[in-house]
Amino acid sequence: MEDSYKHRGKRRALVKKLAEKGIRDPRVLEAINNVPRHFFFDEALLEHAYQDKAFPIGEGQTISQPYTVAFQTEKLEVEPGMKVLEVGTGSGYQACVLMEIGADVYTIEYNKVLYQRTRKFLPKMGYKPKFFQGDGSRGLPEYAPFDRIIVTAGAPSVPNSLISQLAVGGILIIPVGDSSTQQMLRITRVNEKKVRKESFDYFSFVPLKGEEGWK
Ligand code: SAM
């Protein structure tokens with residue numbers, strides 16, 4: 001698949017729209033501008049790639065809306081070289097955005113079909129995060145601590161395992177709520193004992209499954 005002048009133009013228009021909606025961090029906007037989102041879509045569905053909408057990727061799951069990806073990434077305050085855990089690999093698009101900013105990405109997906117598909121597909125685009133299959137609601141204890149953790153599925157509450165896998169100064173961004181809407185929360189580990197919680201806008205994600213998600 002090619003990344004033509006036309007695709008790049010549509011991507012620039014999407015980035016402009018995200019800036020108008022309030023995304024400010026130039027590194028986030030640049031990352032969205034650099035990842036060819038149409039590569040994640042079937043040929044017949046290409047016109048959906050640069051709309052600011054979530055889209056089905058099979059297995060009842062979605063590629064998140066670009067605004068949601070940009071919002072979560074901005075609130076995560078990622079710096080190059082940081083070790084980042086993503087829970088919910090899905091299509092792999094969010095992982096690519098994080099890698100464009102220079103993050104060292106560990107990504108875990110519950111669904112075996114999506115895990116296999118994305119693990120094969122992303123390296124073909126030149127993106128090589130560390131892929132894991134399993135229940136990400138429990139994090140990845142053997143690779144902790146993480147500087148940043150991003151959860152891209154809606155949780156009923158903040159999993160204790162994820163809080164415990166945050167490095168001091170680390171940030172967790174996670175949508176928490178019921179099955180229809182969730183509030184975006186940011187948890188910052190202030191020191192070994194203390195975390196700070198902030199609340200942002202409401203979003204709508206597919207459910208976080210597993211031990212510390214929806215059982
Ligand atoms: N980040 C993805 C992207 O860029 O395409 C979007 C993810 S989609 C909104 C949510 C994903 O979380 C789904 O692929 C779903 O299978 C996955 N998921 C749900 N519960 C999970 C869990 N406990 N551990 C890991 N992945 C999970």
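This is a predicted model: local features need pLDDT of at least 70, side-chain atom pairs count only at pLDDT 80 or more; totals for chains, interfaces and linings use all residues.
Local features need pLDDT of at least 70 and side-chain atom pairs count only at pLDDT 80 or more, while totals for chains, interfaces and linings use all residues. Residues are numbered from 1 along each chain as its sequence is written, and side-chain values use heavy atoms, with hydrogens and water left out.

Seven strands form an open sheet in the order 5-4-3-6-7-8-9, with mixed pairing. Strands are DSSP runs of E, at least two residues long, and helices are runs of H or I of at least four; both are numbered from the N terminus. Two strands pair if DSSP finds at least two bridges between them. Strand 5 (130-133) and strand 9 are the edge strands, and each pairs on one side only. From one strand to the next, the twist averages 15°. Strand 7 (residues 166-177) and strand 8 (residues 182-189) run antiparallel and are joined by seven bridges. In strand 8, R186 stands opposite I173.

Helix 3 packs on this sheet. The helix touches strand 3 (83-87), strand 6, strand 7, strand 8 and strand 9, contact meaning heavy atoms within 4.5 Å. Its direction makes about 165° with that of strand 9. Such angles run from 0 to 180 degrees between N-to-C directions, with axes fitted to C-alpha atoms, for helices over the stretch in contact. Buried means under 20% relative accessible area, exposed over 50%, and partly exposed in between (1.4 Å probe, protein chains only). Just after the helix, E77 takes a positive phi of about 50°.

The whole structure contains 12 aromatic pairs. Rings of Phe, Tyr and Trp (its six-membered ring) pair if their centres lie within 6.5 Å; planes under 30 degrees apart count as stacked, over 60 as edge-to-face and the rest as tilted. Y67 and F203 are stacked, at 6.3 Å centre to centre and 20° between the planes. Y67 lies in helix 3 (residues 66-76) and F203 in strand 9 (residues 195-203), so this pair ties together parts 136 residues apart in sequence. Both residues, Y67 and F203, are buried. Y106 and F146 form an edge-to-face pair, with 5.6 Å between centres and 75° between planes. Because Y106 belongs to strand 4 (residues 104-109) and F146 to strand 6 (residues 146-151), the pair ties together parts 40 residues apart in sequence. Ring pairs also link Y67, F71, F200, F203 and F205 into a cluster. The charged end of K75 sits over the ring of F200, 4.9 Å from its centre. This requires NZ of Lys or CZ of Arg within 6 Å of the ring centre and within 35 degrees of the ring normal.

Eight salt bridges are present, each a side-chain nitrogen of Lys or Arg within 4 Å of a carboxyl oxygen of Asp or Glu. K21 and D52 form one of them, with the closest N and O atoms 2.4 Å apart. K21 is partly exposed at 40% relative accessibility, whereas D52 is buried at 10%. R186 meets E77 at 3.3 Å, N to O. That pair joins strand 8 to the loop between helix 3 and strand 3, 109 residues apart. R186 also forms a salt bridge with E198, at 2.9 Å between the closest N and O atoms. E198 lies in strand 9, 12 residues from R186. D25, R27 and E79 are linked in a network of salt bridges.
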